[in-house]
Amino acid sequence: MKDDARFHAAIEQLNAGDYAEAADAFEELFFEAVRDEVEPVRALMQIATGMHHIERGQARAAVERLEEGIAAIDRITNDHGVDVIALRAAVARAVAQLRARERVTRVSVRISG
């Protein structure tokens, strides 16, 4: 997965704020994921979808998807180079901001190597 150009393209879309496109790209990868790839891709797909819901003004759906992303992060056994600690913190911050009805800080993904 870490060597899959589509994975990196989806991360670039998420980081650029193209959340709907990123969610679609992660969904495609999710259906192909095996073993320890499933949870990282699920997390990224849910996070991208949650951020897209924020853009659409759908706070409740956004919180649900982002919390599903956090739960998936917590189940990751192989991060495939994704900085899951920073990602989890950013998503938790976004959920707290949504609940406080504050402006949500953009979530981004860092990849090592």
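## Exercise 1. The negative patch

Helix H2 (residues 19–32) gives the most to the negative patch, with three residues. The model examined here is a predicted one.

**Task.** State which residues form the negative surface patch, and determine whether Glu27 meets the accessibility cut-off for a patch.

**Solution.** 
- Step 1. The patch is formed by Asp18, Glu21, Asp24, Glu27 and Glu55.
- Step 2. Glu27 is located in helix H2.
- Step 3. A patch residue needs over 30% relative accessible area.

## Exercise 2. Salt bridges between and within helices

**Task.** Of the salt bridges in the structure, examine Arg6 with Glu32, Arg60 with Glu64 and Arg88 with Asp74. For each pair, give the distance and the place of the partners in the helices.

**Solution.** 
- Step 1. The structure contains 11 salt bridges.
- Step 2. The side chains of Arg6 and Glu32 meet at 2.7 Å, N to O. This pair links distant parts of the chain, with Arg6 in helix H1 and Glu32 in helix H2, 26 residues apart. Arg6 is partly exposed at a relative accessible area of 31%, and Glu32 is partly exposed at 45%.
- Step 3. For Arg60 and Glu64, the salt bridge has an N to O distance of 3.4 Å. Both residues lie in helix H4, four residues apart, which is about one turn of the helix. Arg60 is exposed, with a relative accessible area of 69%, whereas Glu64 counts as partly exposed at 32% relative accessibility.
- Step 4. In the salt bridge of Arg88 with Asp74, the closest N and O atoms are 2.7 Å apart. Arg88 lies in helix H5 and Asp74 in helix H4, so the pair ties together parts that are 14 residues apart in sequence. Arg88 is partly exposed, at 33% relative accessible area; Asp74 is also partly exposed, at 48% relative accessibility.
- Step 5. Salt bridges with shared partners join Asp4, Arg6, Glu28 and Glu32 into one network.

## Exercise 3. A loop residue

**Task.** Locate Arg35, decide whether this residue is buried or exposed, and give its separation from Asn78 in sequence and in space.

**Solution.** 
- Step 1. Arg35 is placed in the loop between H2 and H3.
- Step 2. Exposed means over 50% relative accessible area. Arg35 has a relative accessible area of 75%, so Arg35 is exposed.
- Step 3. Arg35 and Asn78 are 43 residues apart in sequence, while their C-alpha atoms are 9.7 Å apart in space.

Terms used: Residues are numbered from 1 along each chain as its sequence is written. This is a predicted model: local features need pLDDT of at least 70, side-chain atom pairs count only at pLDDT 80 or more; totals for chains, interfaces and linings use all residues. Side-chain values use heavy atoms; hydrogens and water are left out. Patches are made of residues with over 30% relative accessible area and no salt bridge: like charges are joined within 9 Å, nonpolar side chains (Val, Leu, Ile, Met, Phe, Trp, Tyr) within 5 Å. Accessible areas come from the Shrake-Rupley method with a 1.4 Å probe; for residues, only the protein chains shown count as cover. A salt bridge is a side-chain nitrogen of Lys or Arg within 4 Å of a carboxyl oxygen of Asp or Glu. Lys and Arg count as positive and Asp and Glu as negative; His and the chain ends are not counted. The place of a charge is taken as NZ of Lys, CZ of Arg, CG of Asp or CD of Glu. Helices (H or I, at least four residues) and strands (E, at least two) are DSSP runs, numbered from the N terminus. Buried means under 20% relative accessible area, exposed over 50%, partly exposed in between (1.4 Å probe, protein chains only).
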